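These are my notebook entries on one structure. I set down what I looked up, topic by topic.

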Amino acid sequence: MRTSASPAPESVLIVDDEPSLRTILAFIVQRVGAVPVLAHDAATARQLAAKHSFACALIDKNLPGENGLEFLKWLRSVQPGCNALIVTAYGNVDSAIEALRLGAFDYLLKPFEVDALEHRLKLALDQWRMRQEHERMQAMLVQADRLASLGLLAAGVVHEVNTPLAYILSNLDWLDEELPSLREGLKRQGRQGTGPELSSLADRLTAVQSTLRDIREGAERVRHIARDVKAFARREDDESVLVDLREVLEAALKMALVHIRYRARVVRDYQDVPLVKGNEARLAQVFLNLVVNAAQAIPEDGSNHEIRVRLWTGPNGEACAEVTDTGTGIAAEHMPHLFEPFFTTKRSGEGTGLGLFICKSIVESFDGSITVESREGKGTTFRLGLPPHVRAARVALPSERASTAVAS
């Protein structure tokens, strides 16, 4: 049995209790350019599959102990991308149907022709490679859309950072002028004893302390802005964690503030929602896209528009979120195409047509759903549902349970 410490990416797991057949299968795997990894029973195969990923697997149906179909079911649960081929000398229609139902890529009867098995193994490997390439391209699209969104938000981020930096710098200039005179005044008081000037110095020291507090507050604002941008821009190699959708929504609203401020007021309606298992950066990308789209759908005509963000728990315990605008709405003929890649109704240079496609892909990757309702001239609502994490639920503060309107 081969127990390679680190099989190649395109390695094939061979599970068969006949040594001679394992040798033949290993030869065929090598002929198609892959690396064979051998196991004589399901228990050994489980140990290998628990440590390494395999592109394909050749599994004998009748193994000692756990049979091949039982192992196939387990393998599909831990490595759903692995294309498994069942090989057996005791096949029948019922077992073939069962193997395919469990997710087998193919079902072959012994004795088999080497060329036939080689051909089917090539097909399985080609499909695995195409799936890997699709996932790689999908990841590139997600990152490209995120970079496009960051470019859109760059001016807003600079504006938000410049505001606290401006009063930090002005306060520092004042301190530079004030501290030397304070030092001189304290020296004089030390030489002359007490006097009315001491009370004035105490007042000036109080002003200095207040200014230092302002500087700290401004620096904290800069730190929070930088943290939000960093969380949004990082790659999604991070593992899924428990996510509070309220915090994600708030981060998205802060980052989109420059687009919202002169178009609409934000109305928050946050009810109790369970925590969800997901990736904070990717979910922030979803809400940022939806909020920016909502702002861009509202004309700058001075009307009393609003963007409403809502959180609540659905009837099946799912965490639900909604972004609603009072903008121009979406034409009926465009509704069926909204989530298609590269479809956009924006002018050239204003959108990639990937935003909603990426949003749908991200939400569905966490077993969620996203839907849209719209009426021309009335506005649009995007609604998300994400399955709850069973371990915990966030309890909203009393002040968060009621709808609160905040002008932006």
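**Basis.** I worked from a predicted model, in which local features need pLDDT of at least 70 and side-chain atom pairs count only at pLDDT 80 or more, while totals for chains, interfaces and linings use all residues. Residues are numbered from 1 along each chain as its sequence is written, and side-chain values use heavy atoms, with hydrogens and water left out.

**Salt bridges.** I looked up how many salt bridges the structure holds, and the total is 18. The term stands for a side-chain nitrogen of Lys or Arg within 4 Å of a carboxyl oxygen of Asp or Glu.

I began with R129 and E10, whose side chains meet in a salt bridge at 2.7 Å, N to O. This pair links distant parts of the chain, 119 residues apart: R129 belongs to helix α5 (residues 114-192), and E10 to the segment before β1 (11-15). I noted that helices (H or I, at least four residues) and strands (E, at least two) are DSSP runs numbered from the N terminus. For accessibility I used relative accessible area with a 1.4 Å probe and protein chains only: buried is under 20%, exposed is over 50%, and partly exposed lies in between. R129 is partly exposed at 30%, and E10 is partly exposed at 24%.

I then turned to R46 and E66, which form a salt bridge of 2.8 Å, N to O. R46 lies in helix α2 (residues 42-51) and E66 in the loop between β3 (56-60) and α3 (68-78), so the pair ties together parts 20 residues apart in sequence.

My next pair was E322 and R310, with a salt bridge of 3.8 Å, N to O. E322 lies in strand β10 (residues 319-325) and R310 in strand β9 (residues 306-313), so parts 12 residues apart in sequence are tied together. Is E322 buried or exposed? I found E322 buried, at 9% relative accessibility, whereas R310 is partly exposed at 24%. A network of salt bridges links D269, R310, E322, E373 and R383.

**The sheet.** I traced an open sheet of 5 strands with parallel pairing, in the order β2-β1-β3-β4-β5. Two strands pair if DSSP finds at least two bridges between them. β2 (35-39) and β5 (106-109) stand at the edges with a single partner strand each, so one side of each has no neighbour in the sheet. Strand β4 (residues 83-88) pairs with β5 in the parallel sense over 4 bridges, and L85 stands opposite D106 in β5.
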